Amino acid sequence: MRILIANDDGIYSPGIAALADVALQFGEVRVVAPDVERSSAGQSITANRPLTWKRTPLAVEAWRVDGTPADCVALGISQWSGVDVVLSGINLGSNLGNALWHSGTLAAAKQAVLLGVRGIALSIPASTDEPDFAALRPSLRGVLELLLASHEPMLVNVNFPGAQARGALWTRQSVRFYDGKVVPGTNPMGRPLFWFVTQPISEAEEGTDRWAVEHGYVSMTPLRLDLTDERELARLGADVRTIATQGESARSPAR
Ligand code: MN
């Protein structure tokens with residue numbers, strides 16, 4: 001099995017080394033990751049300049065790219081034939097609920113799926129101390145055994161509750177609350193500045209990714225790239241609607 005590893009924390013993150021180390025038990029591993037941290041980059045790609053990569057000394061073949069997580073996956077898949085799965089992470093910080101809209105970690109997995117390759121994103125809560133990756137090894141191996149035993153789902157978002165877990169649960173994305181918030185301040189010169197911050201969410205609905213992690217379980221959410229609102233589409237109908245097809249200026253002026 002050919003396993004391509006990417007992340008959004010940058011190639012020097014301890015999370016990528018921990019993931020590569022365990023992934024080696026499942027097949028050939030190659031790392032292609034951003035040269036600097038690109039957290040919250042979402043699925044942006046670099047389209048207005050070329051990309052470059054440089055060989056990077058890690059335990060496995062590794063390349064650092066001056067681009068985004070999605071760039072890295074596109075580059076990695078194009079330059080290594082027969083990639084079976086892309087693993088993204090392990091991100092230092094949970095990717096739960098509406099954070100998925102901004103997550104560069106998940107975006108790397110999504111980019112894989114866009115290119116026809118399975119994508120699995122993996123995250124662990126950020127703490128003041130570095131996560132205990134040695135203690136995480138058994139549950140990381142367990143989750144990979146579970147997910148890599150089958151070819152489905154194509155896109156999975158995995159969140160560990162910490163180094164220890166009570167088990168793993170299939171969950172849905174928690175979408176009721178958004179934790180993003182803009183906080184204004186001033187810089188040392190007295191000019192206004194703004195921080196985009198996240199605030200803690202207290203409630204989590206049972207069965208969601210956030211609920212599972214809060215209760216000590218590994219959350220595994222199957223996702224899809226199709227954003228269509230099926231219920232709205234059914235309500236709106238598929239018949240042709242009459243709309244104006246010419247602007248006011250194109251019509252002959254009324255006199
Ligand atoms: Mn990150």
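In the largest pocket of this predicted model, at least two lining residues each come from β5 (85-92), β10 (192-198) and α5 (209-214). Helices (H or I, at least four residues) and strands (E, at least two) are DSSP runs, numbered from the N terminus. A pocket is an open set of points on a 1 Å grid over the protein atoms alone, where a 1.4 Å probe fits, with protein on both sides within 12 Å along at least five of seven lines; lining residues have an atom within 4 Å of a point. The model is predicted, so that local features need pLDDT of at least 70 and side-chain atom pairs count only at pLDDT 80 or more, whereas totals for chains, interfaces and linings use all residues. Residues are numbered from 1 along each chain as its sequence is written, and side-chain values use heavy atoms, with hydrogens and water left out.

The volume of the largest pocket is about 750 Å³, a volume being the space filled by probe spheres set on grid points that are joined across faces, edges and corners. Its lining comprises 29 residues, of which S40, S94, N95, A99 and T198 are the closest to the centre. The second largest pocket has a volume of about 620 Å³. Of its 19 lining residues, W101, Q173, L223, R224 and L227 lie nearest the centre, and α3 (104-114) and β11 (218-222) each contribute at least two residues to this lining.

Helix α2 (residues 69-79) is largely enclosed by the rest of the structure, because 8 of its 11 residues are buried, that is, under 20% relative accessible area (1.4 Å probe, protein chains only). The buried residues of α2 include D71, C72 and V73. Among the elements that cover them, with contact meaning heavy atoms within 4.5 Å, are β1 (2-6), β2 (28-34), β5 and α3.

Strand β6 (residues 118-124) has 7 of 7 residues buried and is therefore largely enclosed as well. From β6, R118, I120, L122 and I124 point one way, and G119, A121 and S123 the other way. β6 pairs with β5 in the parallel sense over 6 bridges, where two strands pair if DSSP finds at least two bridges between them. The β-α-β crossover from β5 through α3 to β6 is right-handed, meaning that, with the strands pointing away from the viewer, the path from the first strand over the helix to the second runs clockwise. β6 also pairs in the parallel sense with β7 (residues 155-159), over 5 bridges. The β-α-β unit made by β6, helix α4 (residues 133-148) and β7 is left-handed.

Definitions and conventions: Buried < 20%, exposed > 50% of the residue type's maximum accessible area, 1.4 Å probe, protein only.
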